[in-house]
Amino acid sequence: MKVRVRFAPSPTGYLHIGGARTALFNWLYARHTGGTFVLRIEDTDAARNSQEAVDVILQGLRWLGLEWDEGPISGDATGSSKGDRGPYFQSQRRENYQRRVEALLSRGLAYEHEGAIKFKMQREAILIPDLVVGDVKRELTDREAVDPDFVIVRSDGQPVFHFVNVIDDLEMGITHVIRGEDHLSNTAKHIALFNAFGVKPPHYAHIPLILNQDGSKMSKRDTGASLAHYTENGYAPEAVLNYLCLLGWSPKNNREKMAMSEVVELFDLPQILRHNAKFDLEKLNWLNGEYLRDITDDRFRELGVHALAKAGVDTNKYPVDYVKSALDTCKGKVKTFGELPTYAGFYFRDEVVYDAEAAKKDFVPENKPRVAKLREAFANLGSFDADSVGAALAATAKELGVKNGVLVHPARLACTGNISGPSLYHLISIIGKEKTLHRLDAALQRMG
RNA sequence: GACCCUAUCGUCUAGCGGUUAGGACACUGCCCUUUCACGGCAGCGGCUCGGGUUCGAUUCCCGAUAGGGUCGCCA
């Protein structure tokens with residue numbers, strides 16, 4: 001039987017990072033088994049539904065590269081879709097639910113109660129076979145012991161999640177339900193529903209949750225909980241995806257950075273971890289840096305310009321070649337594009353903003369004659385390429401009887417305002433002689 | 001309150017009865033170097049506790065504790 005999995009988010013206006021990982025695991029399993037990855041939108045809660053909210057999910061998945069084989073093409077619930085088991089929006093599947101409710105009603109498996117319709121739940125414990133957790137025997141809670149039946153259709157006629165979710169999985173032929181562990185306890189209800197329809201329940205695989213660094217649940221207000229945080233702060237999708245793979249799953253051979261094709265090959269349900277994982281932004285940043293080092297120069301420039309623009313740094317005022325060269329000196333240096341405005345801002349500003357502490361240390365009278373000498377050397381330079389600049393600095397240092405670093409530090413501070421940054425020789429060569437001399441002069445003035 | 005899941009360095013993890021408990025991020029030191037980053041080397045740091053089972057438990061069982069989840073006319 002061909003594997004059919006699904007990611008069934010509800011359009012809440014953002015894509016939770018945990019949801020993104022659930023989608024990823026489903027996608028991986030589909031690709032690993034040659035199965036089908038279905039995207040279904042659970043928009044039963046009309047109150048907080050909008051096409052924009054659906055688009056957020058669609059865009060997020062596309063950004064990650066998690067293409068679905070069946071599902072909506074746009075956020076329009078009435079729009080077209082791909083796949084022959086649609087509609088893929090629950091809001092368009094009302095008749096199905098209605099028919100199923102009636103079937104239950106007519107067979108006495110459900111009954112009306114205060115305007116709502118309740119499902120007659122069995123009173124015994126239910127065994128939940130789970131591919132990740134193992135067999136789980138779900139006993140009734142004290143409340144359920146009093147009344148195990150649950151509402152499947154509200155008094156306003158709206159069917160509830162537990163019901164529509166099962167009906168859709170059933171009708172869409174879903175073979176494996178891979179979802180967050182927060183659904184584990186309720187799976188008993190789902191299994192009972194499948195049984196009521198005389199259908200064998202799908203295989204279940206409940207994956208652990210992603211928690212905050214302090215162990216609390218990641219909620220919308222936590223920074224980093226939304227995928228948008230990564231799309232907007234210049235992360236590379238492949239890095240985010242790679243990091244997500246490593247939360248709750250392991251290739252078991254000490255690999256960290258791996259291509260998706262490799263993960264697809266290795267990924268399987270039984271080896272998914274059973275305990276929750278805390279989200280470690282530092283490690284994601286590291287991985288992102290690894291990917292940023294490998295992406296093409298063009299892509300780096302593209303993302304870099306975007307990140308700078310977002311920070312209010314308009315690169316359009318500068319020649320294309322200048323921007324290109326400037327960004328090239330940053331590649332392999334920054335871990336995330338969020339660092340770029342600070343790292344490379346000096347390229348795109350007239351005034352240099354000095355790091356106060358460094359200025360105190362480097363802009364001292366003792367350095368004045370040295371920097372003055374360096375300025376002179378630069379001024380006399382015919383060719384202003386990086387090699388010439390470096391040679392001039394080295395020659396000056398030698399003449400002065402000091403190590404290169406003695407000149408490098410104040411020069412860097414003068415030209416960039418920072419104590420670290422791109423290769424000094426290259427950056428000086430890029431901003432050009434005029435600006436360099438100007439900045440050295442400004443620094444000289446501050447040395448007393 | 002009841003039910004369910006979980007428990008290896010700070011974090012992500014390898015381990016599946018006998019290991020000097022391995023790797024990665026972070027952190028510290030050194031080397032390389034025009035700064036930083038990268039890279040290289042070294043270091044710091046862990047099996048929640050208590051009972052069993054066993055010749056022997058991080059590993060198996062039970063309990064406790066802790067964390068997470070669920071018990072809705074939310075999804």
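1. Start with K252. In this predicted model, a polar atom of the K252 side chain sits 3.1 Å from a phosphate oxygen of RNA strand B. An N or O atom in the side chain of K283 is 3.3 Å from a base nitrogen of RNA strand B.

2. Which elements give two or more residues to the surface near RNA strand B? Two are strands: strand 8 (134-138) and strand 13 (277-278). The helices are helix 4 (142-146), helix 5 (161-171), helix 10 (281-294), helix 17 (404-416) and helix 18 (424-445). Helix 10 gives the most, with 4 residues.

3. Now take the RNA surroundings as a whole. There are 66 residues around RNA strand B. R154, G248, K333, I419 and G421 come nearest. By class, this surface has 26 charged, 20 polar and 20 nonpolar residues. On the RNA side, consider the atoms within 4 Å of the protein. Sugar or phosphate accounts for 71% of them, and bases for the rest.

4. Helix 17 also packs against a neighbour in the chain. Its axis and that of helix 16 (residues 386-400) come within 8 Å and cross at roughly 120°. Angles of 65 to 115 degrees would count as roughly perpendicular, and those over 145 as roughly antiparallel. Helix 16 and helix 17 are therefore oblique to each other. Their crossing is right-handed.

5. What makes the contact between helix 16 and helix 17? Helix 16 brings L393, A394, T396, A397 and L400. Helix 17 brings N404, L407 and V408. The contact residues divide into 6 nonpolar and 2 polar, with no charged residue.

6. Helix 16 meets helix 15 (residues 368-379) as well. The axes of these two helices come within 9 Å, and the crossing angle is roughly 140°. That makes helix 15 oblique to helix 16. This crossing, too, is right-handed.

7. Look at the residues where helix 15 and helix 16 touch. From helix 15 come R370, K373, L374, A377 and F378. From helix 16 come V389, A392, L393, T396, E399 and L400. These contact residues comprise 7 nonpolar, 1 polar and 3 charged. L393, T396 and L400 of helix 16 meet helix 15, and L393, T396 and L400 are also in the contact with helix 17.

8. Two backbone features deserve a check. Most residues other than glycine have a negative phi, and most peptide bonds are trans. Where is the cis peptide bond? G86 and P87 are joined by it, with omega about 0°. P87 is in the loop between strand 4 (81-82) and helix 3 (94-106).

9. The other feature is at E114. This residue is not a glycine, yet its phi is positive, near 50°. E114 lies in the loop between strand 5 (110-113) and strand 6 (116-119).

Technical notes
Residues are numbered from 1 along each chain as its sequence is written. Chains are lettered from A and ligands numbered from 1 in the order in which they are written. This is a predicted model: local features need pLDDT of at least 70, side-chain atom pairs count only at pLDDT 80 or more; totals for chains, interfaces and linings use all residues. Side-chain values use heavy atoms; hydrogens and water are left out. A residue is near a molecule or strand if one of its heavy atoms lies within 4 Å of it. A polar contact is a pair of N or O atoms within 3.5 Å; within protein, one must be able to donate a hydrogen and the other to accept it, and residues adjacent in sequence count only if both atoms are side-chain atoms. Ala, Val, Leu, Ile, Met, Phe, Trp, Tyr, Cys and Pro count as nonpolar, Asp, Glu, Lys and Arg as charged, and the others, Gly among them, as polar. Axes are lines fitted to C-alpha atoms, for helices over the stretch in contact, and angles run from 0 to 180 degrees between N-to-C directions. Angles under 35 degrees count as roughly parallel, over 145 as roughly antiparallel, 65 to 115 as roughly perpendicular and the rest as oblique. A crossing is left-handed if the near helix is turned anticlockwise from the far one by less than a right angle, and right-handed if clockwise. Contact means heavy atoms within 4.5 Å.
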